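Hello,

Here is the structure I promised to pass on to you. Have a look at it first, and then read on for what I found.

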Amino acid sequence: SHEFKFMAPNKSAEASAPPVKMQKDSSPLNDYAIQVDDHVYDTKALAKIHPGGELFVKAFSGRDATEAFLSYHRKSFPHDRMTESLIGKAPALKKPSADEDYLELCKLVEKVLPRNKAFAPPAYFLKVAVLFGLAVYLEMYMHTSGNYKWYISGFLGWLYALIGLNIQHDANHGAISRFSWVNRILGLTQNWIGGSAVDWIHQHVVQHHINPNDVDHDPDIVGNSVLRLNPLKPMMKIQAFQHLYLFILLAFFGFNYITETLIHNLEGFHKTSFSKLLKSNRVFEECTTGLFVLRWIVIPLIKAPSVYTLLNIAPMFLVGGYYLSFFFVISHNFEGVHIFEHDYTKNVDQSFLHKQVLTAANVGGAWLC
């Protein structure tokens, strides 16, 4: 019954608008502070009173979290209620009016799906129990029996991918439950399947969702010497054939992801530096990666010491990694998608909603989903 009109930005106005410059030396924003609009808050103080848990707030420490708050809470930040955490002010990164279209859309959505009813229904937890329970059962079966067969590990890899897409993703977005501890526990399923909840939040929530397809700020668009995800970059000769070998490379995503996850947590860096307030969390994440290696390399070689054991376990990484990376690569890399390159300050006042619409496509269909 409502008509929502999306207005394209005035390109000539954008081109003539002067870039926003933050006066870093005079701003109270530092590694232990967080900025929302033109207000700068003490991160620890804000984290203690955050209903969604401390981890999300700490992950944004040292950054501007204006758009992050908008995207999660679908309303303007309640500055009048946060005065005790306020430590100063700094120039706002964007104009307050820039996100009026997004807030208008949120009001329309609120009539259909209120914020307090937007969490997972009971049937979702049944799905969680089935997916995770079956995955744990198959793993325990292989470890106790020593029966490491490629078809069992391949099926387990598919279950791991479903856990990644259906459980950890929603949990680490804080979307499953109004209780932060429920989201945190279910978010650790990312660690169970070989990843890291903290690394994922830093890469996916802090950087990717706020700056989708921005080659300067989105780690998902970086690519490498053989894979060109940014169509504005000069194409190397070998990349002219990536449409042929891409679907072979995707199979190795699982191996690569686990290795890079460990490196990111050890270095505290993934495209940009992790928040310094996540240092203790990173130690725990490194331990869970060690546990994964114990579960899938050490124990299998003890139970069935043979190179064939590792070959039979490999399909778990191949299937799981392929399934996950396939959905990743087609969500933001399709014909007509917009790429932001070196124009962040010029487009700083662009609507959050506009950026999301330009750079992403939901994957649908009965077979794919």
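This is a predicted model: local features need pLDDT of at least 70, side-chain atom pairs count only at pLDDT 80 or more; totals for chains, interfaces and linings use all residues.

Is Tyr 102 buried or exposed? Tyr 102 counts as buried because its relative accessibility is 9%, and the cut-off for buried is under 20%. Leaving aside neighbours within four places in sequence, Tyr 102 has contacts with Leu 70, Ser 71, Arg 74, Phe 352 and Leu 353.

Now for the chain as a whole. Its secondary structure comes to 15 helices and 5 strands, and 43% of its 369 residues count as buried. Of the contacts between residues at least 6 apart in sequence, 74% join residues at least 24 apart.

The largest nonpolar core has 26 residues, and Leu 156, Tyr 160, Trp 296 and Met 316 touch the most other members. Helices H6, H7, H8, H13 and H14 each give two or more residues to this core, and H7 gives the most, with 8. Beyond its neighbours within four places in sequence, Trp 296 is in contact with residues including Glu 139, His 143, Leu 156, Tyr 160 and Met 316. Another core lies apart from this one; its 22 residues include Ile 34, Val 36, Phe 60 and Ile 210.

Best wishes

Technical notes: Residues are numbered from 1 along each chain as its sequence is written. Side-chain values use heavy atoms; hydrogens and water are left out. A nonpolar core is a set of buried Ala, Val, Leu, Ile, Met, Phe, Trp, Tyr and Cys residues joined through side-chain atoms within 4.5 Å. Buried means under 20% relative accessible area, exposed over 50%, partly exposed in between (1.4 Å probe, protein chains only). Helices (H or I, at least four residues) and strands (E, at least two) are DSSP runs, numbered from the N terminus. Contact means heavy atoms within 4.5 Å.
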